[in-house]
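I opened the model and looked up a few things, one at a time. My notes are below.

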Amino acid sequence: MNQYITTFYSHFGAIRYKKLCDQYGCTAKVMPVPRSLSSSCGTCVGYTGEEHIIDEKYLDEIEQIVMVVSDGYEIIYSSEDE
Amino acid sequence: MNIKKEKITIIIAAAIIGIIASLLVVFGNPTNMGFCIACFLRDTSGALGLHKAEPVQYIRPEIIGLVLGSFAMALWKKEFSVKGGSAPVTRFILGAFAMIGCLMFLGCPFRTVLRLAGGDLNAIWGLIGFALGIGVGILFLNKGYSLKRTYKQVAAEGFVFPIIQVVLLILVIAAPSIIMFTPEGGGPGAKHAAIIISLIAGLIVGALAQRTRLCMVGGIRDFILFRESKLLIGFVVVFASALICNLILTGVGVGTLFNLGFEGQPVAHTDALWNALGMILAGFACTLLGGCPLRQLVLSGEGNTDSVITVYGLMVGAAFAHNFKLASSADGPTLNGKIAVVIGLVVVAAIAVANTMGKSKEQ
């Protein structure tokens with residue numbers, strides 16, 4: 001199992017994504033973005049799962065998805081790269 | 001960095017910020033106004049001739065320092081990221097009305113805390129109003145409010161605002177005749193610490209605020225939304241450290257930095273209702289903006305051009321507030337100010353509704 005954090009452009013995006021995670025059966029939590037991940041102070045969703053969760057329907061609200069690794073975070077998806 | 005470490009960092013940073021704010025008064029700033037983002041942007045607007053209220057005209061080096069401190073820290077930590085394009089016109093309007101709310105109360109959220117630390121009990125109404133305004137904003141956040149995403153912009157765009165701060169620094173040092181400064185004894189604008197002291201204070205606070213994401217709106221918002229107390233602790237520690245510092249400095253006879261009560265408080269009035277309503281407007285607008293005026297300055301330094309637009313909105317709002325006699329004085333609020341705050345609440349609510357509509361159904 002891996003730990004992921006998804007950050008968003010809006011608080012509501014996080015709420016919707018949390019529901020998506022629930023549908024996938026992942027344990028997810030809506031929380032402030034960790035300082036170590038970003039200097040922005042938005043809302044993120046932290047969850048545990050085999051794979052990261054991404055859905056076309058929610059793509060325009062997602063800023064980035066990272067996987068928590070031993071020395072920090074590994075970027076899985078970033079909207080800036082799209 | 002884990003949560004515990006983050007909390008310790010924010011406690012230390014906030015304690016330093018509280019001490020600096022208290023000391024700035026000793027060095028010459030108006031009482032209970034070691035820092036006030038609203039007042040200082042208003043003073044800067046006046047110095048640049050955007051309004052003609054002579055008692056409040058001075059280019060405040062603290063503002064320059066806050067932006068440049070954040071800018072330097074963001075560059076150093078490789079967090080300088082140039083982005084924008086998230087409803088800039090709406091942000092400008094929200095910034096202007098946030099300022100009108102602040103100038104009804106006579107202080108930004110930062111000064112609310114500092115006024116309390118100086119014993120000004122009128123600030124309690126401001127704080128209650130501010131929290132209520134954030135609560136209203138959160139209702140919209142939960143219903144889908146969003147000003148949509150930001151986009152990466154060219155690096156040069158992010159350097160413009162810090163460069164403008166350097167130009168302002170040159171202007172305050174050179175003091176050419178085109179810049180308007182409040183004459184000695186002419187009002188709060190004439191009360192200021194030496195430029196170098198104000199600048200260094202701003203640089204330190206800007207750097208610390210960038211590292212800790214200190215935000216007066218964020219503190220209350222995160223606590224209501226997630227029961228996350230980290231930023232709120234920062235808020236409380238700024239109050240506690242400024243209070244202790246004020247009490248010590250008053251005790252040793254440096255000056256009267258603590259005076260408990262409602263009456264006769266510096267740059268304040270006693271109208272509880274309008275103190276609260278002004279800060280409801282400020283809290284509501286700032287929640288929709290995603291941060292308090294201090295945070296907007298810090299984000300401007302990090303390369304967020306939406307925050308730059310918001311700061312310009314705050315400055316223009318300050319100019320309107322004085323040109324149209326919307327700003328309160330020690331005598332209390334003005335009729336024009338009351339009308340403007342009501343209009344502001346309607347406009348901010350309309351912005352909230354317009355940027356929320358239809359989202360709940362998407363859920």
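**Entry 1: the model.** I noted that this is a predicted model, in which local features need pLDDT of at least 70, side-chain atom pairs count only at pLDDT 80 or more, and totals for chains, interfaces and linings use all residues. Residues are numbered from 1 along each chain as its sequence is written, while chains are lettered from A and ligands numbered from 1 in the order in which they are written. The scores are ipTM 0.91 and pTM 0.96.

Entry 2: I used DSSP runs for helices (H or I, at least four residues) and strands (E, at least two), numbered from the N terminus. Two strands pair if DSSP finds at least two bridges between them. Chain A has an open sheet of five strands, ordered S2-S3-S1-S4-S5, with antiparallel pairing. S2 (27–32) and S5 (72–78) of chain A are the edge strands with a single partner each, so one side of each has no neighbour in the sheet. I then looked at S1 (residues 2–8) and S4 (residues 62–69) of chain A, which are antiparallel and joined by five bridges. A:Thr6 has A:Ile65 in S4(A) as its bridge partner.

Entry 3: Just after H5(B), I found B:Gly119 with a positive phi of about 90°.

**Entry 4: where the chains touch.** I counted a contact when the C-beta atoms of two residues, placed from the backbone, lie within 7 Å. By that rule 23 residues of chain B are in contact with 15 residues of chain A. On the chain B side, the elements giving two or more residues are H6 (122–143) and H9 (216–226) of chain B. H9(B) gives the largest share, three residues. I sorted this side into six nonpolar, seven polar and ten charged residues. Nonpolar covers Ala, Val, Leu, Ile, Met, Phe, Trp, Tyr, Cys and Pro, charged covers Asp, Glu, Lys and Arg, and the others, Gly among them, are polar.
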